[in-house]
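Subject: Structure for your review

Hello,

Here is the structure I said I would pass on. Please look it over alongside the notes below.

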Amino acid sequence: MSNLQNILKFVEFTNEFRRIERGVHLLHEKRGENDSEHCFQLAVVAWYIISSHKLDLDIQKVVMYALVHDLIEVYSGDTPVFNSTQEYFESKEEREANALEQIKLTFSESPDMWEKISQYEKRQDEESVFVYCLDKLLPYFVTYLDRGYSWRKNKMTLEDIIEKKSSKIAKSPLLKKYFDELNEIVRKNEKEYFG
């Protein structure tokens, strides 16, 4: 296959990535964000936090992790924390491992990109841990700014969110601090956000 055909095939793949809808709604819109929008926002918010807090993290690595961390969902599908059946949620790891293998076979000419997904999944460096924690926190920020629309739509409670996210976000003390601060703000106006 020519280089042009490989590029076209990859562009088609990234278009499929844009079709993966997530459970979090876009701010001030009543449609779910897609994976492409989420990964872009995750990358630039991560960059902003690292830069503004002068964190000792490799921004290039962080941005790369953020941009590719959900690409496997083209083949595995998204697994929403709050709206998945138990069986679907439990199959996540296997589905995502199979999806990564499929991507590696389909786009074997770019092994460094797929290695970044593997490194992210292992979370053995500070950058991948930071992206992982921010990936869990960012939907909370977005839904808070949207006055809780996604929470009400999905019949969630603040306690559901704290239970599902707290231990994951805690791997980054800085992000856990912001999670805890926002929890206190939301708790004071819980009826407004959760209905």
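The model is predicted, so please read everything here as computed from it.

Cores. The largest nonpolar core has 34 residues, and the residues with the most contacts inside it are F130, Y140, W151, L175 and V186. Two or more residues each come from α2 (35–52), α3 (59–68), α8 (126–145), α10 (158–169), α11 (173–188) and α12 (190–194). Of these, α8 gives the largest share, 10 residues. Y140 is in contact with W151, L158, I161, F179, L182, N183 and V186, leaving aside its neighbours within four places in sequence. Apart from this core lies another, of 13 residues, with V74, L100, F107 and W114 among them.

Helix α7. This helix covers residues 111–122, 12 residues in total. From first C-alpha to last it reaches 17 Å, close to the 16 Å expected at 1.5 Å a residue. Its buried residues are W114, K116, I117, S118 and Y120; W114 is also among the residues of the 13-residue core. The cover over the buried residues of α7 includes α1 (3–18), α3, α6 (92–106) and α8. Just after the helix, R123 takes a positive phi of about 50°.

Hairpin. Strands β1 (residues 21–25) and β2 (residues 32–34) pair in the antiparallel sense over 2 bridges. H25 stands opposite G32 in β2. The two strands form a hairpin with 6 residues between them, and H28 in the turn has a positive phi of about 65°.

Regards

Note on methods: Residues numbered from 1 in each chain as written. Predicted model: local features only at pLDDT ≥ 70, side-chain atom pairs only at ≥ 80, totals over all residues. Heavy atoms only, no water. Core = buried A, V, L, I, M, F, W, Y, C linked by side-chain atoms within 4.5 Å. Buried < 20%, exposed > 50% of the residue type's maximum accessible area, 1.4 Å probe, protein only. Helix = DSSP H or I, 4+ residues; strand = E, 2+ residues; numbered from the N terminus. Contact = heavy atoms within 4.5 Å. Pairing = 2+ DSSP bridges. Expected span 1.5 Å × (residues − 1).
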